[in-house]
Amino acid sequence: QVQLVESGGGLVQAGGSLRLSCTASGRTSSYNAMGWFRRVPGKEREFVGVSYWSSSTKIYADSVKGRFTISRDNAKNSVYLQMNSLKPEDTAVYYCAAGPYFITTTSYPYWGQGTQVTVSS
């Protein structure tokens, strides 16, 4: 089992920045990819970005490309989502996910509890 805990959400004005953290514990050897997703009430979970745990390969959704950046700290078993130039439409609950495959769908076996990000206009 892998446990994921997100933190760093909050309220920010449009144009501002936030950094989300996701710390993993448990069988951390059982995953190779860490993904970020978000969900707005009434909509399905949306892919934001994914990073390999062991390399610099990353993919971002078009809606966040150039504004969001994924980084990681292997020593801390943590992955970060730096969000800049935030827009009101970025308001959502953000989730990190871990799994063995580098995918952009929600088919990850492990998920965090989510952290709310609210961007005011």
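Hi everyone. Let's start with aspartate 90, which is buried, at a relative accessible area of 1%. Before I go on, a reminder that what we have on screen is a predicted model.

So who is the partner of aspartate 90? Its side chain meets the side chain of arginine 38 in a salt bridge, at 2.9 Å from N to O. Arginine 38 sits in strand β4, residues 33-39, while aspartate 90 belongs to the loop between β8 (78-83) and β9 (92-99), so this pair ties together parts that are 52 residues apart in sequence. Is arginine 38 buried or exposed? With 5% relative accessibility, arginine 38 counts as buried, because the cut-off for that word is under 20%.

Arginine 38 has another contact to show you. It also forms a salt bridge with glutamate 46, and there the closest N and O atoms are 2.8 Å apart. Glutamate 46, for its part, is partly exposed, with a relative accessible area of 34%.

Now, which residues are linked in a network of salt bridges? They are Arg38, Glu46, Arg67 and Asp90. If you have the structure open, do find those side chains and have a look.

Let's move on to another pair. Aspartate 62 and lysine 65 bring their side chains together in a salt bridge, at 3.0 Å from N to O. Aspartate 62 is exposed, its relative accessible area being 67%, and lysine 65 is partly exposed, at 49%.

And how many salt bridges does the count come to? Four.

Key:
Residues are numbered from 1 along each chain as its sequence is written. This is a predicted model: local features need pLDDT of at least 70, side-chain atom pairs count only at pLDDT 80 or more; totals for chains, interfaces and linings use all residues. Side-chain values use heavy atoms; hydrogens and water are left out. Buried means under 20% relative accessible area, exposed over 50%, partly exposed in between (1.4 Å probe, protein chains only). Helices (H or I, at least four residues) and strands (E, at least two) are DSSP runs, numbered from the N terminus.
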